[in-house]
Amino acid sequence: MERFKVEKLIGNRTLSIETGRIARQADGAVLVQYGETMVLVTAVSATEEKEDADFFPLTVDYREKAYAAGKFPGGFYKREGRPSQKEILTMRLIDRPLRPLFPDTYFREVQIMSTVLSADKENDPDVLAMVGASAALSISSIPFCDPTGSVRVGQIDGNFIINPTHAELVQSSMDLVVSGTENAVMMVEASAKEIPEEMMVDAIMFGHSYIKEIVKLQQQLIEKCGKVKQSVAPSKINKNLTEEIKRKYYSTIAEKNFTPGKGTRKEALNEVLANIIAEHCGEDCENAPSPKEIKSIFENIETVIVREQIVSKGLRPDSRGLKEIRPITCEVGILPRTHGSALFTRGETQAIVVATLGTTMDEQKVDGLEDEYSKKFMLDYNFPPFCVGEIKPLRGPGRREIGHGALAERALAEVLPPSNKFPYTIRVVSDITESNGSSSMATVCGGTLALMDAGVPIKAPVAGIAMGLVKEHNNICILSDILGTEDHLGDMDFKVAGTAQGVTALQMDIKIAGITEKIMRDALTQAKEGRLFILQELARVIEKPREKISVYAPKIVHIKINPDKIGMVIGPGGKNIKKIQEETEAKIEIEDDGTVIISAVLAESAEKAKTLIENMTKEVEVGKTYKGKVLSIKEYGAFVEIIPGHDGLVHISELSDGYVGKVEDVVQVGQEITIKVIGIDDQKRVKLSRKAALKESEQSLTPTS
């Protein structure tokens with residue numbers, strides 16, 4: 001098989017796409033390289049459609065091989081296992097811009113697999129996998145409509161950077177991933193440090209200018225080796241039957257679609273559907289259609305009705321205006337023994353969100369292609385089936401839950417205090433208890449409340465809102481705070497989270513062939529109006545973080561010791577540190593630079609441990625008086641422990657003013673005596689005097705004339 005390669009300078013590095021060398025039995029396979037990062041991406045379709053398929057079965061997989069970075073997999077079993085959170089999030093990034101670009105009637109199973117073969121620890125392979133997925137589909141026989149390009153955008157000192165390195169991202173005020181076709185933006189995923197809306201759109205359009213170049217690069221490859229596309233079957237919908245059902249039931253479906261309440265509306269529509277099925281699918285009906293076909297027609301009519309009502313009358317299924325936010329209620333401190341808790345309800349979407357404070361021992365270790373690092377903030381999102389009135393087995397978080405949790409985590413991470421000011425590890429858990437649209441944004445709002453209830457000094461409250469779009473020709477309606485139905489039947493799901501100052505997280509998915517810059521700007525402006533309203537509602541319940549953390553949260557104290565004395569605090573085999581922890585019931589962690597982190601449930605325990613360590617590590621001062629303990633007795637004097645780990649010699653001549661025949665005549669082993677440091681020699685040996693300490697004590701008791 002002939003090899004083909006195209007390449008172009010994107011930013012300050014060359015992006016190359018090659019095919020014909022590796023994985024030649026796949027329908028489409030490309031090797032994408034940027035810097036020294038390389039990703040193999042393959043696309044394969046089934047030879048036949050699944051029987052009675054009514055959805056597009058697209059599967060996306062992305063895996064990072066440890067060898068790509070010259071590493072062994074972590075853990076006991078030295079082989080790659082289940083996908084990491086980073087891998088799952090990348091699978092979602094690949095999937096989201098591609099899915100809308102397949103024909104509506106194409107139902108063959110398609111699998112896209114991306115494998116990271118080389119990682120230079122500078123260029124993130126996720127964007128390369130996204131480009132590779134589009135390229136592999138485009139040169140294959142799979143009927144993929146339009147190539148897409150993907151880039152990452154950063155911003156340093158006010159200047160946008162295309163595909164920033166990992167080091168540059170640390171300094172960047174945003175981490176923005178944009179995907180789109182040559183003509184429009186299809187997907188956006190971002191975290192940002194309170195970036196203004198206008199600047200965020202500028203960054204998206206900056207990224208799109210490079211996307212156009214990447215799409216043209218793929219078109220060059222298609223011209224060289226693109227395969228003939230598979231034929232796509234026309235729609236199987238019975239037009240005559242559709243018109244008949246529409247004529248008989250359109251007004252009834254329209255009426256039921258605007259029944260208040262998600263559950264009540266669903267029941268009303270199901271009753272209409274059951275009547276239509278009974279009429280057309282009975283045993284006495286000749287050439288009767290299947291209930292599945294009737295349901296498909298019914299859903300198409302429902303889609304037309306909802307969209308027509310929104311565009312022509314500005315009327316939404318729950319009778320709200322286009323910009324109107326559903327009623328919001330908030331509560332904090334609802335769980336008595338947690339560190340911080342909140343119940344956030346917006347319409348029929350509700351989340352219980354809990355914040356837990358921990359120590360550095362609770363940090364999450366993250367191991368991937370980059371160097372291992374620790375996370376001090378984690379947010380977990382759970383979507384149990386009861387929240388939508390369903391029954392499903394619980395098998396751990398799915399890709400959707402991982403994605404929603406990561407979005408909310410990014411939104412809140414930007415306002416957390418630095419660890420040197422608030423040394424706690426923070427975990428937020430959101431359990432969705434009701435859902436009818438925008439549960440990830442409810443998590444953001446509930447997360448803000450829970451953090452403030454826990455006494456976390458966040459920079460500013462964060463709120464989130466999901467925006468929708470209905471576009472019919474030149475008629476464009478942007479919807480605030482969308483319902484599940486509006487998400488399902490609409491053209492856009494645009495989630496925006498941020499403070500009053502700007503955006504902290506963004507996620508946009510488009511179900512049509514992209515949107516214009518103007519729609520994005522209008523949607524972000526409208527989202528800001530909604531966000532400011534929600535922030536006001538949050539402030540009614542708790543305006544700022546509590547001044548003190550929960551009595552049930554660990555108390556953390558930081559002290560600094562001389563790194564040379566770390567061994568003294570730890571002791572042989574950890575003897576000293578174990579003893580302190582047993583005596584005080586505190587946890588003690590010591591870092592290489594001498595930072596000691598003490599945590600305990602009770603503040604008194606932490607302070608006691610602090611005092612013991614400070615006493616153990618403080619320097620002995622000449623001329624200072626101490627209360628010490630006699631450790632041992634020799635003929636020439638007594639060795640006395642001044643402070644833990646430090647002792648000195650009281651020579652027999654320094655025990656008393658008078659003559660001392662035997663050391664035991666004055667002191668005994670284990671006795672506590674007051675002594676004064678009278679010298680430290682070049683070999684750090686400490687000279688002590690009981691006589692000088694007694695004299696000093698007598699002088700202090702002598703009344704002045």
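Predicted model: local features only at pLDDT ≥ 70, side-chain atom pairs only at ≥ 80, totals over all residues.
## Helix 2 and helix 4

Helix 2 covers residues 125–139 and helix 4 covers residues 197–225. Their axes lie 9 Å apart, and the packing angle is about 30°. Because angles under 35 degrees count as roughly parallel, helix 2 and helix 4 are described as roughly parallel to each other. The crossing of helix 2 past helix 4 is right-handed.

On the side of helix 2, the contact involves Val131, Ser134, Ala135, Ser138 and Ile139. These residues meet Ile214, Gln218, Leu221, Ile222 and Cys225 of helix 4. Sorted by class, the contact of helix 2 with helix 4 contains seven nonpolar and three polar residues, with no charged residues.

## Helix 5 and helix 6

Helix 5 is formed by residues 239–257. Its axis and that of helix 6 come within 10 Å and cross at roughly 155°. Angles over 145 degrees count as roughly antiparallel, and helix 5 and helix 6 are therefore roughly antiparallel to each other. Helix 5 passes helix 6 in a crossing that is right-handed.

Helix 5 contributes Leu241, Glu244, Ile245, Lys248, Tyr249, Thr252, Ile253, Lys256 and Asn257 to this contact. From helix 6 come Arg265, Ala268, Leu269, Val272, Asn275, Ile276, Glu279 and His280. The contact of helix 5 with helix 6 comprises eight nonpolar, four polar and five charged residues.

## Helix 6 and helix 7

Helix 6 (residues 262–280) also packs against helix 7 (residues 291–313), at an angle of about 135° and with the axes 10 Å apart. Helix 6 and helix 7 are therefore oblique to each other. Here, too, the crossing is right-handed.

In this contact, Leu269, Val272, Leu273, Ile276, Ile277 and His280 of helix 6 meet Pro291, Ile294, Lys295, Phe298 and Glu302 of helix 7. By class, the residues of the contact of helix 6 with helix 7 are eight nonpolar, one polar and two charged.

Thr19 belongs to strand 2, which spans residues 13–19. Its relative accessibility is 6%, so Thr19 counts as buried; the limit for this class is under 20%. A polar atom of the Thr19 side chain lies 2.6 Å from the backbone oxygen of Ala29.

Beyond its neighbours within four places in sequence, Thr19 is in contact with Glu2, Arg3, Phe4, Ala29, Val30, Ile139, Leu221 and Cys225. Among these partners, Ile139 of helix 2 and Leu221 and Cys225 of helix 4 also take part in the contact of those two helices.

## Arg152 and its surroundings

Arg152 is located in strand 7 (residues 149–156). With a relative accessible area of 8%, Arg152 is buried. The side chains of Arg152 and Asp175 are joined by a polar contact of 2.8 Å.

When neighbours within four places in sequence are set aside, the contacts of Arg152 include Asp124, Asp126, Val127, Ile161 and Ile162. Asn163, Pro164, Leu169, Asp175, Leu176 and Val177 are also in contact with Arg152.

Leu322 is found in the loop between helix 7 and strand 11 (328–332). Its relative accessibility of 25% means that Leu322 counts as partly exposed.

Leu322 and Ser480 are separated by 158 residues in sequence, yet their C-alpha atoms are 6.2 Å apart in space. Not counting residues up to four places away in sequence, Leu322 touches Ile310, Gly314, Arg316, Cys477, Ile478, Leu479, Ser480 and Gln526.

Technical notes:
Residues numbered from 1 in each chain as written. Heavy atoms only, no water. Axes fitted to C-alpha atoms, helices over the stretch in contact; angles between N-to-C directions. Helix = DSSP H or I, 4+ residues; strand = E, 2+ residues; numbered from the N terminus. Parallel < 35°, antiparallel > 145°, perpendicular 65-115°, else oblique. Left-handed = near helix turned anticlockwise from the far one by under 90°. Contact = heavy atoms within 4.5 Å. Nonpolar A, V, L, I, M, F, W, Y, C, P; charged D, E, K, R; others polar. Buried < 20%, exposed > 50% of the residue type's maximum accessible area, 1.4 Å probe, protein only. Polar contact = N/O pair within 3.5 Å; in protein donor to acceptor, adjacent residues only side chain to side chain.
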